[in-house]
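Here is a short note to read beside the structure. Keep the sequence at hand and look up each residue as it comes up.

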Amino acid sequence: MKGIKQGEKMKRIILLVLFAFLILFCEKGDYIARVGNSYLTKKTLDAQLPSGVELQKENLSQILEKWVSAELLYQEAKRKGLDKKEDVKCRLEQLIKDYLVNEFVEEEVGKISVSPAEALDYFNKHKEEFLYEVKISRIVVADENLANSLLAAIKSGKDFKALAQEFSQDLVLKGGEESVYIPRGSLNDPTLEEIIFSLEPNAISDVIKTQEGYQIIKIIDKKKVKKDIAFKDVSEYINNVLKYRKSREHLDNLLATLRAKTKVEIRPEAYFKK
């Protein structure tokens with residue numbers, strides 16, 4: 001009996017090995033490109049494609065050529081031991097983290113929706129802004145304290161353009177240069193737009209924190225260019241604005257929750273210790 005059981009156990013092991021071999025063979029048998037012992041299958045390629053992208057016969061060969069070139073260089077880099085270098089390993093680890101963070105954020109943002117009632121409410125509150133275009137000048141600096149000092153100087157009577165020429169780090173409107181007329185919905189920052197379009201000509205904004213830096217906006221001119229506007233004409237823009245805001249709020253709340261239940265330390269002084 002013992003010999004029979006051992007024989008059955010050995011048969012199961014052999015079958016498992018054969019099954020694994022067949023899977024490997026099928027995967028390699030269906031490969032669409034190969035570099036040495038590295039195989040690219042349709043399944044692997046599809047997993048790497050951005051969402052919504054479909055391959056065509058006309059562009060597949062070019063994509064496969066790029067994969068082959070990259071794989072050749074990758075294999076050579078490994079042969080030279082670059083993947084064993086500590087700094088390279090650290091960067092690779094961070095790339096993995098960054099990728100997972102992006103995937104997670106996309107999933108979380110995908111859960112956010114904007115109701116028609118929310119969009120219509122926003123439209124009714126901001127409808128007038130879509131009828132105007134504005135011309136602006138601005139000061140952009142990286143330091144909040146400097147921005148507050150410049151705002152105080154402007155309020156005390158200092159010339160806006162002179163301060164812009166001396167201090168602004170703006171890469172778009174350099175040295176206090178004036179913009180063209182800007183319609184509502186043309187900027188990437190809806191909060192900044194709302195502030196700009198709420199101001200009258202010659203008004204100066206407070207210090208505004210943006211992705212470009214800390215901004216002080218001066219309204220050079222504001223003109224009405226439309227008599228009326230329909231909700232359908234700006235509904236897509238409004239949906240994007242509201243979804244962005246709700247997503248930002250959701251992620252901020254999530255980060256606050258995670259931070260509250262996790263030990264977090266920030267020790268910049270430790271960087272400079274010898």
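This is a predicted model: local features need pLDDT of at least 70, side-chain atom pairs count only at pLDDT 80 or more; totals for chains, interfaces and linings use all residues.

1. Lys-78 has a charged partner. A salt bridge joins Lys-78 to Asp-83, with 3.9 Å between the closest N and O atoms. The cut-off for a salt bridge is 4 Å, so the 3.9 Å of this pair is within the limit. Asp-83 is also partly exposed, at 22% relative accessibility.

2. Lys-89 and Glu-86 both belong to helix H4, which covers residues 86–110. They are three residues apart, or about one turn of the helix. Their side chains form a salt bridge, at 3.3 Å from N to O. Lys-89 is partly exposed, with a relative accessible area of 38%, whereas Glu-86 is exposed, at 53%.

3. Arg-138 is buried, with a relative accessible area of 7%. Asp-170 is buried as well, at 6%. Both values are under 20%, which is why both residues fall in the buried class.

4. How many salt bridges are there by this rule? The count comes to 21. In general, side chains of opposite charge can pair when their charged atoms come close. Salt bridges also link five residues into a network: Glu-129, Arg-184, Glu-193, Glu-194 and Arg-245.

5. The largest pocket deserves a separate look. It holds about 540 Å³ of space. Its lining has 21 residues, and those closest to the pocket centre are Asn-188, Asp-189, Leu-192, Glu-212 and Gln-215. Two or more lining residues come from each of strand E3 (132–141), helix H8 (190–198), strand E5 (208–210) and strand E6 (213–224). Which of these gives the most? Helix H8 does, with four residues. By type, the lining residues divide into ten nonpolar, seven polar and four charged.

6. Lys-226 sits in the loop between E6 and helix H9 (231–260). Its relative accessibility is 40%, so Lys-226 counts as partly exposed. Which residues does Lys-226 touch, leaving out those up to four places away in sequence? They are Phe-130 and Leu-131.

7. Gln-75 is buried, because its relative accessible area of 18% is under the 20% limit. Setting aside residues up to four places away in sequence, Gln-75 touches Val-35 and Ser-38.

Technical notes. Residues are numbered from 1 along each chain as its sequence is written. Side-chain values use heavy atoms; hydrogens and water are left out. On a 1 Å grid over the protein atoms alone, a cavity is a set of points where a 1.4 Å probe fits but cannot get out, and a pocket is an open set with protein on both sides within 12 Å along at least five of seven lines; lining residues have an atom within 4 Å of a point. Grid points are joined across faces, edges and corners, and a volume is the space filled by probe spheres set on the points. Ala, Val, Leu, Ile, Met, Phe, Trp, Tyr, Cys and Pro count as nonpolar, Asp, Glu, Lys and Arg as charged, and the others, Gly among them, as polar. Buried means under 20% relative accessible area, exposed over 50%, partly exposed in between (1.4 Å probe, protein chains only). Contact means heavy atoms within 4.5 Å.
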